Amino acid sequence: SIILMNIKNFKLINEQFGTDEGDKTLRYVYNTIKENLTKNEFLARTEADTFYLCLKETNQKIINERLNGIVSFINIFNGDNTDKVFNIVFHKGAYTVTDPSKKLKIVQGYAKSAFMVAHEQNTEECVFYDISLTEKMYKEQEIINLFDKSIKNHDFKVFLQPKVRLEDGSVGGAEALVRWYHPERGIIYPNDFIPIFEKNGMICKLDEYMFTEVCKILADWQKKGRKLFPVSVNLSRQHFKTNLDFLDKFYEIVKEYNIPRNILEFELTESIFFETSKFKTVKESIQKMHEL
């Protein structure tokens with residue numbers, strides 16, 4: 001079996017202790033893994049903090065036990081000191097070789113596909129490759145390939161979910177929801193595309209598109225003399241990871257359509273506040289939202 005092991009948040013070691021300590025850590029991890037291999041098994045560090053192991057084992061239970069044992073052995077330096085513990089944690093993906101004639105790059109690719117699942121799920125358990133992972137990747141790529149043309153053709157539609165006042169049943173506001181009506185594929189449900197676009201950053205472009213479409217609707221209502229009410233648009237946490245000036249774009253859209261600013265709201269998921277490294281950025285962005 002080929003196993004890919006990658007140190008979780010390795011950059012924190014470099015940032016906290018310096019690159020020399022980071023290099024020492026990589027050598028230490030390499031040597032410790034090597035000590036735990038048996039005859040005819042091998043190990044390679046391919047790049048950064050990524051290691052590939054070749055184990056003479058196909059039983060998943062035994063592989064998991066061995067890998068857990070290796071990780072425990074790596075972290076033995078903590079000893080009994082419970083005050084200052086620095087656990088080195090790994091994400092792991094594995095592929096059991098059924099056809100030895102397959103090229104090494106393909107075999108490594110399978111292990112990497114399994115690793116990506118472990119990374120996305122943030123699990124320390126080793127994920128084992130099966131054909132369904134490749135099928136899932138193909139389906140995801142199909143969805144990605146449809147995105148740009150669908151944005152251009154306005155296949156993404158805005159649905160306004162009303163917020164109703166309890167005292168008189170009147171509409172006091174709405175939340176803008178996205179629905180994808182593809183001319184050939186039919187309805188593509190949010191569960192099938194939102195997680196993919198969250199993962200690859202395309203969600204930022206979709207958020208901007210939805211915000212523009214909402215402004216168009218409100219501008220049309222304003223022109224027809226309809227009463228306006230606040231509409232909230234979802235804002236992905238991905239915006240806070242890429243371009244910190246992203247609010248300027250939204251502000252320009254509001255000005256273009258001449259929308260009263262007090263009727264536009266952003267809806268943020270609570271999880272955005274759990275990333276402590278981004279807390280300051282999020283806080284500053286929310287202050288800027290209020291200013292704009």
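How much accessible surface does the protein chain have, and what percentage of this surface belongs to carbon and sulfur atoms? The accessible surface comes to about 17,900 Å², and 52% of it belongs to carbon and sulfur atoms. The model is a predicted one, in which local features need pLDDT of at least 70 and side-chain atom pairs count only at pLDDT 80 or more, while totals for chains, interfaces and linings use all residues. Residues are numbered from 1 along each chain as its sequence is written, and side-chain values use heavy atoms, with hydrogens and water left out.

The secondary structure of the protein chain consists of 9 helices and 10 strands; these are DSSP runs numbered from the N terminus, helices being H or I of at least four residues and strands E of at least two. The C-alpha trace spans about 80 × 50 × 35 Å along its principal axes. The radius of gyration of the protein chain is 25 Å, whereas a compact globule of 292 residues would have a value near 19 Å. This radius is taken over C-alpha atoms, and the globule rule is 2.2 Å times the number of residues to the power 0.38.

Of the 292 residues, 39% are buried. Buried denotes under 20% relative accessible area, exposed over 50%, and partly exposed the range in between (1.4 Å probe, protein chains only). Among contacts (heavy atoms within 4.5 Å) between residues at least 6 apart in sequence, 63% join residues at least 24 apart. The chain carries 41 positive and 42 negative charges, whose mean positions are 3 Å apart. Lys and Arg count as positive and Asp and Glu as negative, with His and the chain ends not counted; the charge is placed at NZ of Lys, CZ of Arg, CG of Asp or CD of Glu.

In soluble globular proteins, nonpolar side chains tend to be buried together. A nonpolar core is here a set of buried Ala, Val, Leu, Ile, Met, Phe, Trp, Tyr and Cys residues joined through side-chain atoms within 4.5 Å. The largest such core has 40 residues, of which Phe156, Phe193, Phe197 and Leu206 touch the most other members. Elements giving two or more residues to this core are α5 (131-153), β7 (171-182), α6 (190-200), α7 (203-223), β9 (231-234), α8 (246-257) and α9 (279-291). The largest share, 10 residues, comes from α7. A second, separate core has 23 residues, including Ile3, Met5, Leu55 and Leu67.

Beyond neighbours within four places in sequence, phenylalanine 156 is in contact with residues that include Phe147, Val178, Trp180, Phe193, Phe197, Leu206 and Tyr209. Serine 150 is another of the contacts of phenylalanine 156. This serine lies in helix α5 and counts as buried because its relative accessibility is 1%. With the same exclusion of neighbours within four places, serine 150 is in contact with Asp155, Phe156, Trp180 and His182. Asparagine 200, in helix α6, is partly exposed at 35% relative accessibility. Its C-alpha atom is 9.2 Å from that of glutamine 238, at a sequence separation of 38 residues.

Isoleucine 7 belongs to strand β1 (residues 2-7). Its relative accessible area is 2%, so isoleucine 7 is buried. Not counting residues up to four places away, isoleucine 7 touches Leu26, Val29, Asp49, Phe51, Ile88, Val89 and Phe90.

Helix α3 (residues 60-74) contains asparagine 64, which is buried at 15% relative accessibility. The C-alpha atoms of glycine 69 and lysine 280, which are 211 residues apart along the chain, are separated by 39 Å.

Two loop asparagines have positive phi values. Asparagine 9, in the loop between β1 and α1 (10-17), has a phi of about 55 degrees although it is not a glycine. At 44% relative accessibility, asparagine 9 is partly exposed. Asparagine 40 is placed in the loop between α2 (19-35) and β2 (42-47), and its phi is near 70 degrees. Asparagine 40 counts as exposed because its relative accessible area is 57%.

Technical notes. Areas by Shrake-Rupley, 256 points an atom, 1.4 Å probe, with all protein chains shown as cover.
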